[in-house]
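Hello,

Please find the structure below, followed by notes on what was found in it.

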Amino acid sequence: MKYDHIFDELEISTNPFALCELRGTCDLGLGRDASATLHYILSGEGEISLRARAPIKVSRGMLVFIPALQSHALHSFGRRDDPVPDCKPAALRLASLMAGSEQTDSGQLTALCAHVSVGLRGVSDIIDVIREPMIENVSSPSQMRPILQSLLAEVSNPRLGSRAMIRSLLMQCMIEMLRNRLTNNESAFRWMAALADPSIWGALKMMLDSPGDNHSVESLASSVRMSRAAFAKRFADAYGSGPMELLRDLRMTRAGYLLEKTDLPVKRVADMVGFASRSAFTRAFEARTGQSPRDFRASRQLE
């Protein structure tokens, strides 16, 4: 199987889960995270709104993956009796929610949310090249349902080894979501063919490892011993767009991570992701996220 080696090399990390509750009709803005976000809807109905995209309808049993740097918000369709969103560490009341000992308001949307990072061994952030949300409905029996039930049990009742177990269960979720899409040959995931093409993979790895380097179509083609025209066509056939478009996305995601996780000056972040000037970087970042680098950093620090 041409994709087996990809799954063999997957690695995943996650930030602590939060249990988000939206009581009544209300919104919970989730901003533009530098990492991808996974939402598992436990109760209620609503939608996830995304910038420049159609909203995603959600209900109990849905698992939704939102790519990095995509501004989005949870919206509850509940009643207008208590419109106050609330996020708290998941273990606080997830156990009682799972056991059914705590009755939720019929107008309440409850979601288990986490930031995730998926890479290949030796290459960080392979998930950055996923540009489309992934949606799975596991309300009915499916391969993923028992995985998610085990995940909920570990989050709600943490014990020795839970951290490693959660990582393993999340890995199973991501493998299942990617496998379903590759099996169905979804167009948004044709780029993974690049990982099965040694020539294209070599260039893709260079961009993933060092998005701030001075790459060009010519230099990438030369690195894999192909002509510029042949490389550009093969890359576009595999990924759906040219290598420079992917490089721009990778640079913006890396910049978002640096702005959120470090206190480096914006000019230094611009240098590290391959921009000769702060003004050019600011324009590109605003076009990608809708926020200036300074505002993005400030919004993440307020959370």
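**Notes on the model**

I48 is buried, with a relative accessible area of 0%; buried here means under 20%, exposed over 50% and partly exposed in between, with a 1.4 Å probe and protein chains only. This is a predicted model, in which local features need pLDDT of at least 70 and side-chain atom pairs count only at pLDDT 80 or more, while totals for chains, interfaces and linings use all residues. Residues are numbered from 1 along each chain as its sequence is written, and side-chain values use heavy atoms, leaving out hydrogens and water.

I48 belongs to strand β5, residues 45-50 (helices, H or I of at least four residues, and strands, E of at least two, are DSSP runs numbered from the N terminus). Leaving aside residues up to four places away in sequence, the contacts of I48 include H39, P55, V64 and L74 (contact means heavy atoms within 4.5 Å). From I48 to H75 the C-alpha distance is 6.1 Å, across 27 residues of sequence.

The largest nonpolar core has 34 residues, of which F17, Y40, F65, L112, M134, L151 and L170 touch the most other members. Such a core is a set of buried Ala, Val, Leu, Ile, Met, Phe, Trp, Tyr and Cys residues joined through side-chain atoms within 4.5 Å. Helix α4 gives the most to this core, nine residues. A second, separate core of 16 residues includes I200, M207, F231 and L246.

On cysteines: C20 is buried at 2% relative accessibility, and C113 at 7%. The sulfur of C113 has its closest cysteine sulfur in C20, 3.7 Å away, which is too far for a bond. With a disulfide taken as a pair of cysteine sulfur atoms within 2.5 Å, the count is zero.

Regards
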